[in-house]
Amino acid sequence: MVREFELPDVGEGVAEGEIVGWLVEVGDAVEEDQPVAEVETDKAVVEVPSPVNGTVKEIHADAGELVPVGTVIITFAEAGDETGGQDPAETRTDTATETRSEVGAVESKDDGASDDGSGSASNGRVFAAPSARRLARELDVDIGTVDGSGPGGRVSDTDVRAAAESEDSEPVADEPTADDPAPKSAVERVGSDDGTSSEPAVTTGSANRERTLAAPATRRLAEESGVDIDSIPTEEERDGEAFVTPAAVEAFAESQRAAQDADRAALAESGGEERVPYRGVRRTIGEQMARSKATAPHVTHHDEVDVTELVETRSELKAEAEERGIGLSYMPFVMKACVAALRAFPSMNAMLDEEAEEIVEKHYYNIGVATATDAGLMVPVVRNADDRNLLELASEMNELVGKARERSISREEMQGGTFTITNVGAIGGEYATPIINVPEVAILALGAIKEKPRVVDGEIVPRHVMTLSLSIDHRVIDGAVAAQFTNRVMKYLENPQLLLLE
């Protein structure tokens, strides 16, 4: 029996996923629950397991392809299937939901393995990664004729490119040679030599006329195609004037697109550019940032705070925390200082319900900690931070940050925040203009702690100084409140012993 396996819903509400890579290839034996593919959603990268014991019969999506949930991505021949990979007598589809009942026929992908067993094909099967197969299709290379240089004759991308270049270097009878130069005309006709063909001209250049005759529909087609009708080469004439047909418009537009694609490919091959798909977590972050800036008018308040006593306090407590197996950074101190200040200024711990036209002040304190990951910025949320001591805050924050960086954090662990802290100083920066994590109304950025000269008791002495950057939603918070809130946070950071009272 053949089992068609659809991309399941790999996360709550996820509608699509990007195939990061395949962990198997056609012909591989698999066991039930064995990971067969890595899929990236807008939240994380997850492994998709095989639903059966059997053999990979066909892979239907390439690495890098964005696939809607419910799309057949792989076909298995179940263990015990005696069809040996021939046309199945019965096909079963694993669906993400049992209500999904109809699946289109799976297109057979013949890789063109050579019948004589030459090249990399073995018993009619070609060993190649999906990326190599896709590249072969793009370069119009019969992958079955490519000699694989990998283990067991596996065909790589390099092998495909070499084959394509080899084919390109072979002389083509119809191509002009040095003794048979190409015609200088900007256009030529495709078809019979007697010029009676009605096929459109193949454009190889661009005209530059001041006047062109064409039907209104042709002019509209040119406008829709984004080409200047006076630039379209043509040998057609009406009353001694150049005349352009719809076919010529389409041919010229296609040649322009091909030229642009070639330019992009050449630039990419030269190393001058690299195009990275805007998908998954990166796209989600971008959409959230754009929504925040478009929705909430941002104002950022900057200040500096002397944290010399905080540095000493944290140094004294760090060893004790390590004995309990907890890493103690400055962030838990800042979280407690912020919670204390949020209690004093409840509008900072709020959201704007635009539909109800109400400001919702929250009496719980869920603190988001912006975390840089390989996939982009994530914000795990420490819930009920007001109920936790320093070590509890440190322990939970460390666990959540670790899960975010491992891409194993759940959506729920990044939701429900009421205020966010981001630490730009961890990378070495001082000031920032952080973007609010809407629907929250404020976000605090911490700068690096550096030794700077300060006047203490009339003398200039070196002190540890940290910068603060507080962005607020000016619809809800005035600048005066932002300054007062920052002053309160600074008070606790300058005098960390006050946190013992919180």
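**A colleague's note on the rings, sheet and helices of this chain**

1. A search of the whole structure finds two aromatic pairs; rings of Phe, Tyr and Trp (its six-membered ring) pair if their centres lie within 6.5 Å, with planes under 30 degrees apart counted as stacked, over 60 as edge-to-face and the rest as tilted. The rings of Phe5 and Phe76 have centres 6.4 Å apart and planes at 55°, so this pair is tilted. Phe5 belongs to strand β1 (residues 2-6) and Phe76 to strand β8 (residues 72-78), so the pair links distant parts of the chain, 71 residues apart. Both Phe5 and Phe76 are buried, where buried means under 20% relative accessible area, exposed over 50% and partly exposed in between (1.4 Å probe, protein chains only).

2. A word on what you are looking at: this is a predicted model, in which local features need pLDDT of at least 70 and side-chain atom pairs count only at pLDDT 80 or more, while totals for chains, interfaces and linings use all residues. Residues are numbered from 1 along each chain as its sequence is written, and side-chain values use heavy atoms, with hydrogens and water left out.

3. Now for Phe419 and Phe485. Their ring centres are 5.6 Å apart and their planes stand at 55°, so this pair is tilted. Phe419 lies in strand β21 (residues 419-423) and Phe485 in helix α9 (residues 479-494), so the pair ties together parts that are 66 residues apart in sequence. Phe419 is buried, as is Phe485. Helices (H or I, at least four residues) and strands (E, at least two) are DSSP runs, numbered from the N terminus.

4. Which residues place a charge over a ring? Arg238 lies over the face of Phe243, 4.3 Å from the ring centre, and the charged end of Arg314 sits over the ring of Tyr330, 4.6 Å from its centre. The test asks that NZ of Lys or CZ of Arg be within 6 Å of the ring centre and within 35 degrees of the ring normal.

5. Strand β21 also takes part in an open sheet of six strands, ordered β14-β23-β22-β21-β17-β20 with mixed pairing. At the edges stand β14 (298-306) and β20 (381-382), each with a single partner strand, so one side of each has no neighbour in the sheet. Two strands pair if DSSP finds at least two bridges between them; β21 and β22 (residues 442-456) pair in the parallel sense over four bridges. Thr422 has Ala445 as its bridge partner in β22.

6. Helix α7 packs on this sheet, touching β17 (367-369), β20, β21 and β22, where contact means heavy atoms within 4.5 Å. The helix (residues 331-344) has 14 residues and reaches 20 Å from its first C-alpha to its last, close to the 20 Å expected at 1.5 Å a residue; the expected span is 1.5 Å times one less than the number of residues. How much of α7 is covered? Twelve of its 14 residues are buried, including Phe333, Lys336 and Cys338.

7. Strands β15 (residues 350-353) and β16 (residues 358-361) pair in the antiparallel sense over four bridges, and Leu352 stands opposite Ile359. Four residues lie between the strands, and Glu357 takes a positive phi near 55°.

Definitions and conventions
Axes are lines fitted to C-alpha atoms, for helices over the stretch in contact, and angles run from 0 to 180 degrees between N-to-C directions.
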